[in-house]
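User: Could you take me through this fold? I'd like the caveats before anything else.

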Amino acid sequence: MKKVIISKDNIAWPNKCVYCGDVASTEVTLKSKAVQKVGYFVLFVLTTSRIIKIIFPVCKAHKRKAYIASKLSQRNGFNLTLGVLSVFALSGPAGDIYRLVNELPQPEFSLGWRLFMYGFPALYWSLFFWAKSQAPVVIQDLKGEVSFHFKNVAYGEEFEAINS
Ligand SMILES: [Zn+2]
C-alpha cells in the first residue's frame with residue numbers, strides 16, 4: 001500500500017492501468033463523499049458533506065472490477081444506505097438473542113424476513129471487506145488535501161513523482 005497526499009486540483013495520472021500497469025484504454029469515476037457530520041435518527045441518517053470526484057485510468061480487463069470494488073469500498077451515499085440497512089437488519093438477530101437469553105417467547109417471523117435479517121448483513125459486510133481489499137485506489141478527503149491509498153505500490157510511486 002502506497003499513500004500519497006495531494007493538495008492541488010489538477011491531478012495527473014500515469015497513463016497505465018491502476019491495477020496491472022497495462023495500457024489504459026478507459027477510465028473509472030470514483031466519487032467520495034466526505035461525511036463531516038452525521039446525525040442519527042430513528043430510521044434515517046442525516047448527513048452534511050462534500051463530494052470529491054476522481055477519474056482514474058484502467059485497462060479494459062480491469063474496468064468492471066475497479067468500478068465495483070471502488071463503489072463498494074468508498075465512502076458514499078450508496079454505501080451509507082446499505083450500511084444503515086444492515087445495522088437495521090441486525091436488530092433482528094440481536095432481538096432473537098435477547099429473547100433467548102431472557103427466555104422470552106420468540107415472535108413468528110416469516111422466512112423471508114429471517115433471510116433478510118441474517119443474510120443481508122452477512123452479504124453486505126463480506127462484500128464490503130472484499131471490496132476494501134480489491135479497490136485499486138481509495139481516496140480520503142482531508143480538508144483541502146486528498147489522500148490516495150494505492151494498492152499497486154509501483155503505480156503509487158509513479159503517481160507521486162509526476163504530481164510533486
Ligand atoms: Zn489492468
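Analyst: What follows covers the caveats, the layout, the core and the annotated spans.
This is a predicted model, in which local features need pLDDT of at least 70 and side-chain atom pairs count only at pLDDT 80 or more, while totals for chains, interfaces and linings use all residues. Residues are numbered from 1 along each chain as its sequence is written.

User: What pattern does the protein chain follow along the sequence?

Analyst: The order is β-β-β-α-α-α-β-β-α, from 4 helices and 5 strands, these being DSSP runs (H or I, at least four residues; E, at least two) numbered from the N terminus.

User: And which residues touch the most other members of the largest nonpolar core?

Analyst: They are V18, F56, V58, A66, V137, I139 and F148, in a core of 19 residues; β2 (26-40), β3 (45-58), α1 (63-73), β4 (137-142), β5 (145-150) and α4 (153-163) each give two or more. Such a core is a set of buried Ala, Val, Leu, Ile, Met, Phe, Trp, Tyr and Cys residues joined through C-beta atoms within 7 Å, where buried requires 20 or more other C-beta atoms within 10 Å of the residue's own, with C-beta atoms placed from the backbone.

User: What is I139 in contact with, beyond its neighbours within four places in sequence?

Analyst: I139 is in contact (C-beta atoms, placed from the backbone, within 7 Å) with L30, S32, I52, I54, V146 and F148.

User: Switching topic, which residues carry the "transmembrane region" annotation?

Analyst: The unreviewed UniProt entry assigns it to 38-56, 77-95 and 115-131, although annotations may be inferred rather than shown by experiment. In the model, residues 77-95 are 100% helix, with end C-alpha atoms 28 Å apart, and residues 115-131 are also 100% helix, with end C-alpha atoms 23 Å apart.

Conventions:
A residue is buried if 20 or more other C-beta atoms lie within 10 Å of its own, exposed if 12 or fewer, and partly exposed in between; C-beta atoms are placed from the backbone. Two residues are in contact if their C-beta atoms, placed from the backbone, lie within 7 Å.
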